[in-house]
Amino acid sequence: MRDEPYRWIEAIQDRRDYIEDELRLGSPVVGVTYDAGMMLLTVSKGQRKIFEVHDRIALSAIGHPADIERLRMLVTDTASVQGFQNATEDINLHRLTNYTLAPAFKQAFESIAGEAYIIKMLLAELGSASGKSQFIGINFDGIVRTDPSFAVIGGTEVIETGMQKYLTAAKTDADRDLTNAFRLALETWAIGKELSSREPEETESEETQIDTTQMYEVIETAREDGQIEVGVLETAQHGTSKFRLLTSQEIEDALS
Amino acid sequence: MHDKGDFLNLSGAAHQEFALQRAINHEGDFLNLLKHANYPLKVEVPPETVRHGADVEIAHSTTVVAVLYRDGVMIAGDRRATAGTSVIYDRAEKVLQIDRHSALAISGSPAIAYEIARILEHSFQYFRRSQLQELSLEGKLRMLSRLIRENLSMALQGIGGVIPIFALYDLNASDDPNGGKIFFYDALGAHFENVDFATTGSGSIWIRGVLRYLSRFGETALHEMDQRQAAITILRLLDIASEYDAATSGYNAKVKIFPTVKTVTRIGVNTVSDDDLAAWYAEAQPNAEE
């Protein structure tokens, strides 16, 4: 296939279309910062979707569960070994995404004969003395995107743009507390979910924003067979590990 | 790929490969992961340095003690580090927090002991992160057994023996209101649960009998003591040990160096502050010269 460049490009494009099609219905993930740290939020069905990678790093992804597991283990193993051989403070997300994850994503994507990873990943790193907080998203083709204050992953470009628009319009003050951050993230998630349920042709043309009532209808429907999952990295958390999952009680409190 | 920035390992390109390979067959075993990463878990010692027979003696110059009290376990150690008859350091930390609900008190070779504590801490975290659940109490005990056993050759050579006390709080101990647990290990890695107390190190022989006495005939049984009572008892015991054992330090009033005292309770591991220790020390030694 390599001696026929056009066919290679075509095959890559087919692969891109195939993966995007597979990802389209995935439950989006929203990452926002707040006064005490940062949060990753999604609504999941049974399988856990938000994970602790290291002391200050959390991970979430959409895609095929087997691929998520495999790549989650890749980054968890790498971080654990590096954190042990040096010191845990020496772990940084930039190195993990750019030297470990992104090359693996790209290689799998471009090896036409091999299996592709059906995945989009979003990682959060809580700032410390040596660096600021940041979100890093990795697309299935290995492209890395960094953002200091918020980030989203959704099945398609259109879904992500719609969600980002809502987050940008929301007040960007870093003083929001856990509850406000939770609501903002959940509403953003609802927009992504709504957009992912429309037909591809519709999303191109239609208005991407929905009103609050619609948002909470989407959320109610989703909660019938799934649950809201929120992972936070909090500076004040006791000990070196800053990650925890919000309890169902905390989620109920934030909703009411 | 030099993705670790590790100069010693500049030629090792296999890192990413190992991780991917591991990812397919994982059971949350941090020791296996380290082995795949070519981390040297054992120090190779030339055979001619091996000592034989009766002169094998595990160096363990210290006194560490753990007591089951009302809220959980209080675990403490003196601060002296010695080499032969020399005091080389008087601020050594011999009680180390391993995770939210466990702490390890070490006696023996410090290099190996700190390494064991570090591997233990990372192992528990790795298990939680990779397997999405906490390692069970039994799993934690076995992991420590395994590390001590891996170190057996060093212990037999008389240069790297480690005898720890492991204190945990079992949140799932439903039949017992006090979830505090104390485990004592031998050089081969066998673990034994001590119901009331445990002590190890060269100074321990001087206080073991006292502990037994307090536990059986004391005015307040050890397990009924509150934090203050338990702390005072422990400070006194360490003081006794320091009087008879040159490798154990007492309270140094000149520079205010206190023993390390930690509590392992339902709310987690907590280090007793120097202020509290100073106050309790005054109570423990009413006639002590300041």
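Analyst: What follows goes through chain A, then chain B. This is a predicted model, in which local features need pLDDT of at least 70, side-chain atom pairs count only at pLDDT 80 or more, and totals for chains, interfaces and linings use all residues. Residues are numbered from 1 along each chain as its sequence is written, with chains lettered from A and ligands numbered from 1 in the order in which they are written.

User: Start with β4(A). How many of its residues are buried?

Analyst: Seven of the seven, residues 57-63, so β4(A) is largely enclosed by the rest of the structure. Buried means 20 or more other C-beta atoms within 10 Å of the residue's own; exposed means 12 or fewer, partly exposed in between, with C-beta atoms placed from the backbone. Strands (E, at least two residues) and helices (H or I, at least four) are DSSP runs, numbered from the N terminus.

User: Which residues lie on each side of β4(A)?

Analyst: A:I57, A:L59, A:A61 and A:G63 are on one side, A:A58, A:S60 and A:I62 on the other. Both faces are covered. In a regular strand the side chains alternate between the two faces of the sheet.

User: And which strands pair with β4(A)?

Analyst: β3(A), residues 50-54, pairs with β4(A) in the antiparallel sense over four bridges. β5(A), residues 119-125, is also antiparallel to β4(A), with seven bridges. Pairing needs at least two DSSP bridges between the strands.

User: Switching to helices. How do α4(A) and α5(A) cross?

Analyst: The axes of α4(A), residues 157-169, and α5(A), residues 178-197, come within 9 Å and cross at roughly 155 degrees. Axes are lines fitted to C-alpha atoms, for helices over the stretch in contact; angles run from 0 to 180 degrees between N-to-C directions. The two helices are therefore roughly antiparallel (over 145 degrees; under 35 is roughly parallel, 65 to 115 roughly perpendicular, the rest oblique).

User: Which residues make the contact?

Analyst: From α4(A), they include A:V158, A:I159 and A:Y166; from α5(A), A:I191 and A:L195 are among them. Contact means C-beta atoms, placed from the backbone, within 7 Å.

User: Now chain B. What does it contain?

Analyst: Chain B has eight helices and 12 strands. Buried residues are 43% of its 290.

User: What is the strand order in the open sheet?

Analyst: The order is β10-β1-β2-β11-β12 (chain B), with antiparallel pairing. β10(B), 197-200, and β12(B), 268-271, stand at the edges with a single partner strand each, so one side of each has no neighbour in the sheet. Neighbouring strands are turned by 15 degrees against each other on average, direction ignored. β11(B), residues 260-265, pairs with β12(B) over four bridges. There, B:T265 stands opposite B:G268.

User: Which strands does α6(B) touch?

Analyst: α6(B), residues 205-217, packs on the sheet and touches β1(B) and β10(B). Its direction makes about 175 degrees with that of β10(B). α7(B), residues 227-244, lies across β1, β2 and β11 of chain B, at about 155 degrees to β1(B).

User: Last one: B:E150. Where is it?

Analyst: B:E150 is in α4(B), residues 137-150. B:E150 has 15 other C-beta atoms within 10 Å, so it is partly exposed. Leaving aside neighbours within four places in sequence, B:E150 is in contact with B:L41 and B:K42. B:K35 is 115 residues from B:E150 in sequence and 13 Å away in space, C-alpha to C-alpha.

Terms used
Two residues are in contact if their C-beta atoms, placed from the backbone, lie within 7 Å.
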